[in-house]
Amino acid sequence: MLSWTEPKHLIPGKTNYVFDSFLPEVLDYFKLIDKEKSPRKKILYMKKIFNSISKVVKFNGGDDNTGVDDQMPILNYAFIKAQPNRIHSNSRLMELYIGDKGSKEEGSQLMQLIALCDFIVD
């Protein structure tokens with residue numbers, strides 16, 4: 001239902017982001033999260049998604065320390081364009097197996113992904 005969405009609808013302020021290689025790369029990572037069986041590899045692909053988001057923020061004039069406020073709008077846009085299958089159940093599976101990384105960067109990224117799933121559903 002949201003496939004008509006453009007970056008200007010989700011990313012406030014700067015509307016001329018360049019998503020040349022970012023979007024296909026992130027779409028592939030979302031597909032790999034669904035395809036992969038191992039929770040550890042799912043977490044690695046999720047981390048690659050957030051690394052790609054950090055790169056696109058830096059490329060478009062952001063600083064090195066990207067926070068949640070910088071990442072979430074771009075993640076929202078990529079998530080809507082990717083339309084990943086079973087992402088909510090995959091993120092819940094990752095949550096079960098995240099272990100001691102739950103309090104680190106991966107845990108924060110996973111919570112952002114789960115919050116995004118809940119936001120899209122509502």
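Helices (H or I, at least four residues) and strands (E, at least two) are taken as DSSP runs and numbered from the N terminus. The model is predicted, so local features need pLDDT of at least 70 and side-chain atom pairs count only at pLDDT 80 or more, while totals for chains, interfaces and linings use all residues. Residues are numbered from 1 along each chain as its sequence is written, and side-chain values use heavy atoms, with hydrogens and water left out.

Helix H3 spans residues 39–59 and helix H5 residues 87–97. Their axes (lines fitted to C-alpha atoms over the stretch in contact, with angles from 0 to 180 degrees between N-to-C directions) come within 9 Å and cross at roughly 110 degrees. H3 and H5 are therefore roughly perpendicular (65 to 115 degrees) to each other. The contact (heavy atoms within 4.5 Å) is made by Pro39, Lys42, Ile43 and Met46 of H3 and by Asn90, Leu93, Met94 and Tyr97 of H5.

In H5, Ile87, Asn90, Ser91 and Met94 are buried, that is, under 20% relative accessible area with a 1.4 Å probe, protein chains only. Seen down the axis of H5, these buried residues fall within an arc of 100 degrees (taken over the directions from the helix axis to the C-beta atoms), so they line one face of the helix. Gly99 follows H5. Its phi is positive, near 60 degrees.

Glu106 lies in helix H6 (residues 105–121). Glu106 counts as buried, at 9% relative accessibility. Leaving aside neighbours within four places in sequence, Glu106 is in contact with Ile43, Met46, Lys47, Ile98 and Lys101.

Key. Parallel < 35°, antiparallel > 145°, perpendicular 65-115°, else oblique. Buried < 20%, exposed > 50% of the residue type's maximum accessible area, 1.4 Å probe, protein only.
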